[in-house]
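Please keep the sequence and the structure in view while reading.

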Amino acid sequence: MVVQPGEVTRDVGGPGAYAGTAAGAPIRQTSLWRDAWYRYIRNRAAVLAGVVFLVVLAYCLVWPAVSPYDPYKVDFSQARQNPSLDHPLGTDRFGRDMLTRTALGGRVSIGIGFAATIVILVIGVAYGAISGFIGGILDNGMMRFLDALYGLPYLPFAIITLAIIGDINFWSMTVALAIASWFTTARIVRGQVITLKENDYIRATRAIGARWYRILLRHILPNTLGVLIIAVFLELPAVVLGEAFLSFIGLGISPPEASWGAMAQEGREVYRTSPHLIVIPSVAIAVLVLCANFVADGLRDALDPRTRET
Amino acid sequence: MALLDVRDLKTHFFTREGVVHAVDGVSFSVDRGRTLGIVGESGCGKSVTALSIMGLIPKPPAKIVAGEVVFDGRDLTKLGERQLESVRGREIAMIFQDPMTSLNPTLTIGTQITETIKRHFDLSNERARKRAVELLEEVRIPNAASRLDDYPHRYSGGMRQRVMIAIALSCNPMLLIADEPTTALDVTVQAQVLDLLDELRESHDMAMILITHDMGVVAETADEVIVMYAGQVVEQAPVLELFDHPEHPYTEALLGALPQIEGERIREARLTAIPGRPPDLVSPPPACRFAPRCPHAGGDSCTETMPELRELRSGHWVRSAHPTSERAGRPVGASA
Amino acid sequence: MSGSLLAYVVRRLVWTIPVVLLVIFLTFVLMRQIEGNPFRTSERAVPESIQRNLERKYGLNDPWYVQYAMYTKGVLTFDLGPSLVLRQRTVNEIVKEHFPRSLELGGLAFLFAAVFGIPLGILAALRPNSWLDYGAMFFSNVGFAVPSFLIATLFIYYFVVQWDVGFPTSGWTNWESKVLPVVALGLAPAAYFARLVRGTMLETAQQDYIRTAQAKGLRRRRIVGLHVLRNSLIPVVTAAGPLLGYLITGSFVIEEIFAIPGIGRYYVTAVTARDYSVVMGLTVLLSVIVILANLVVDILYAVLDPRTREARA
């Protein structure tokens, strides 16, 4: 039998008969993601939302660096201007350019959003995976504990956590908001792990004697990836709104630092004369939340075609 | 005159991927008190045919684009929705494949039976409940009276299908359409439900359309059989004639795929799987739709012209250029 | 109906007790982590001896488990203790004065959300992909994304400042003063309801048992009104519990903007003043409300869906 040069490199390390299936598994995996991608880009609303989302991110990251205005410099002679060519979004009470300041606030708001979402995912995955994978009494106890935590209302819980840390800054906000909102993710992950655990292929893996950590790390957690990607876009807007609420009632980021919530609070004080000062940061929040919601919907439809509406 | 006469029925699905020709020119008729079996693989258009008769196809995307469904002298495709509602359940009843999902989980069994009766007859609550108990007894639910107020989750799959049969019988319809009524049931329960269905059809003097992919089920209950493939009827014959002298290569293959016990020995050529897949119904082959899988299709008319449904013998119709009886002497699979 | 339902309700009630105790415990533990106490803030120079007297009076020097036991006993006998900052007042008095306003605000907002949002969702689901549907979904998506402080501020800006249709900007007295805060707080939950109801109705309409109902010849009115709606309401009821948490969060902001002397506004004041017996009392109160709401939701769920009564034995 003549072996083609191309085949040799691929089949190294496995008996020929199994090479096909071994090579087949990852291919199937990638085509799954590719299918999801094709389904996603056919969803016009989700694509638009994703693009706007990226534009907002880019604006927040890049604009403060290239803007001609210093977002911290107070100049009362320029205060509370309406939008103009020089200042497309006007200026605030202290004469600072709103276009620049909004980008700066976005860095903090979205930054806290992503940081808290990551913390939520880490805690949620660890808690949910342990609870669901081990099961039994431990699972029961952990879930009852979660039930009790669900009883703690979100904002008061975050406020108390902030009070415990004692200092209000980027990281304490991140921790407070994450601590108050990881429960749902933990439940989702637990549910997913339990479903996967009962799958035939996991049972088969167990039957051939694979170790539990290998099953968990290699077979179960990678399969919760889809759920987790969706969770990012569900938690992110919730955290951004949470940060905005906290800052708005004066328990969050405080001036001269900016976050969208803190900017809205500042704008609120002069809403009668300069309504744009509260409208601009609020609309920024709304756009981000709206985009994240649409992206989450699009991802859900793309990753789980069963729930797709016709 | 036949009770139901379906003429050249075409039901298409208008989807983003294109027009799916799910049912593409199907004709058949059912006489009073008789059973017609419709067989074929999944996706051949059996269920869509049944739903088209009932006017229950999902619109959109589906639409009956041509044909007539003449039932008891009226063309059902021409009736308005309100008139159709009065036919459904009253004159034509239907039971579905999966009894686990076919009953509303949040309403009691009693409610689900009596609401049908009260919809079509002017009966008091008590009379309707009494009738419901009788029906449950008729389908052999033990302790029928006390189980009337149970919710479906208290019933097993087989019992739920019996409840579905009771609902179907509740208004003494003239025609019962059973869409794969035993497929989702345990093998041991399948025969019981099938026997019950056949017995009740007889005692209620109904006609029945039995849709299945199981040749054994057809052999047991049907008088007349049509075989569907890719949205078309490919063969039609009385049940014995079909089993004894199948003409279409597809029917042969289906029969070959049926495990059969002869005497004590399992027949030699058992469980021949049919190679290939049914064609894509968005762009089906322009000529014979079975040609790509047919062992007898050669470099002839099979890939150029669509064979007509023709009557080979009295009552035995076939849509193939190479029916068995015209192939005598030619080795099977010569061109494969 | 009802043995199994009654048994379920009793089980569920009994189960609520340890959850409440656990929440009290968690709150207590959390509160103890907060640095500093109200008598030792630098702004208030109180002689050392008086400070110690005060600490003794309020039990701040007892071991934590004694404090916890005393506190739990207090909560269970509906006594939330004294305020540490306003020494003439008890937390109970504060709750009695401020809570009814918040309860009314939240209740009316919830009512508004249900009465406005649910029918909107139903209408959208009855005519999917119609202009009505698109309009309802546009409202629902935007309504859920726009923060309530913007809605509230815009309400005041237009209805009071610009057009002056007779609503006051603040307070919680006559009905005119309640309209704007209620709508501002209820808009996002209404949007949420509309979206949820539409989604579940469209999904329910795809179910096999709906096809069965059609095959039985039932009238469309009965199919939609009984079969589809009843089954669609189950997820909506489940969502009503978490929505309460949202209303609490929202009321903090709305009470701030409309200067309503409710519990949310007082909470923020108490946190800033480190009046932690008040913060703790109010946190426990809000938690118990959330727990009770979830209890009601679960019982409603069991009434609507017979399967759950037995499944969650």
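## Cysteines without a disulfide

The model shown here is predicted, and a search of the whole of it, over all chains, finds zero disulfides. A disulfide, in general terms, is a covalent bond between the sulfur atoms of two cysteines.

## The interface of chain C and chain A

Where chain C touches chain A, 45 residues of chain C are in contact with 40 residues of chain A. Between them the two chains bury about 3,700 Å², and 78% of that area lies on carbon and sulfur atoms. Three residues, C:Leu30, C:Phe149 and C:Thr249, supply 15% of the area that chain C buries against chain A, which is more than any other three residues supply.

On the side of chain C that touches chain A, several helices of chain C each supply at least two residues, among them helix H1 (2-33), helix H7 (175-205) and helix H9 (220-257). The largest share comes from H1(C), with nine residues. Sorted by class, the residues of this side divide into 32 nonpolar, 10 polar and three charged.

## The interface of chain C and chain B

The contact of chain C with chain B takes 23 residues from chain C and 29 residues from chain B. The area buried between these two chains is about 2,300 Å², and carbon and sulfur atoms give 52% of it. Within chain C, the residues that lose the most area to chain B are C:Arg211, C:Lys216 and C:Arg219, which together account for 27% of what that side buries.

Across this interface the rule finds three salt bridges, and one of the salt bridges in the model joins the side chains of B:Glu85 and C:Arg219, with N to O at 2.9 Å. The count of residue pairs in polar contact between chain C and chain B is 16, both residues being at pLDDT 80 or more. The elements of chain C that give two or more residues to the side touching chain B are helix H8 (208-215), H9 and helix H12 (306-311), and H9(C) gives the most, with seven residues. By class, this side of chain C has seven nonpolar, five polar and 11 charged residues.

## A salt bridge between chains C and A

Side chains of opposite charge can pair when their charged atoms come close. Over all chains the count comes to 30 salt bridges. One pair crosses between chains, running from C:Arg195 in helix H7 of chain C to A:Asp297 in helix H13 (residues 276-303) of chain A, and the side chains of these residues meet at 3.1 Å, N to O.

Are the two partners buried, exposed or partly exposed? C:Arg195, at 27% relative accessibility, counts as partly exposed, and A:Asp297, at 22% relative accessibility, counts as partly exposed too. These residues also belong to a network of salt bridges that links A:Asp297, A:Arg300 and C:Arg195.

## Salt bridges within chain B

Chain B has salt bridges of its own, one of which joins B:Glu91 with B:Arg74, the closest N and O atoms being 2.6 Å apart. B:Glu91 lies in the loop between helix H2 (81-87) and strand E6 (92-95) of chain B, while B:Arg74 lies in strand E5 (residues 74-75) of chain B, so the pair ties together parts that are 17 residues apart in sequence. B:Glu91 counts as buried at 16% relative accessibility, whereas B:Arg74, at 27%, counts as partly exposed.

Another salt bridge is formed by B:Arg147 with B:Asp150, whose closest N and O atoms are 3.2 Å apart. In this pair, both B:Arg147 and B:Asp150 are buried.

Technical notes:
Residues are numbered from 1 along each chain as its sequence is written. Chains are lettered from A and ligands numbered from 1 in the order in which they are written. This is a predicted model: local features need pLDDT of at least 70, side-chain atom pairs count only at pLDDT 80 or more; totals for chains, interfaces and linings use all residues. Side-chain values use heavy atoms; hydrogens and water are left out. Contact means heavy atoms within 4.5 Å. Buried area is the accessible area (1.4 Å probe) that two parts lose on being put together, summed over both. A salt bridge is a side-chain nitrogen of Lys or Arg within 4 Å of a carboxyl oxygen of Asp or Glu. Helices (H or I, at least four residues) and strands (E, at least two) are DSSP runs, numbered from the N terminus. Ala, Val, Leu, Ile, Met, Phe, Trp, Tyr, Cys and Pro count as nonpolar, Asp, Glu, Lys and Arg as charged, and the others, Gly among them, as polar. A disulfide is a pair of cysteine sulfur atoms within 2.5 Å. A polar contact is a pair of N or O atoms within 3.5 Å; within protein, one must be able to donate a hydrogen and the other to accept it, and residues adjacent in sequence count only if both atoms are side-chain atoms. Buried means under 20% relative accessible area, exposed over 50%, partly exposed in between (1.4 Å probe, protein chains only).
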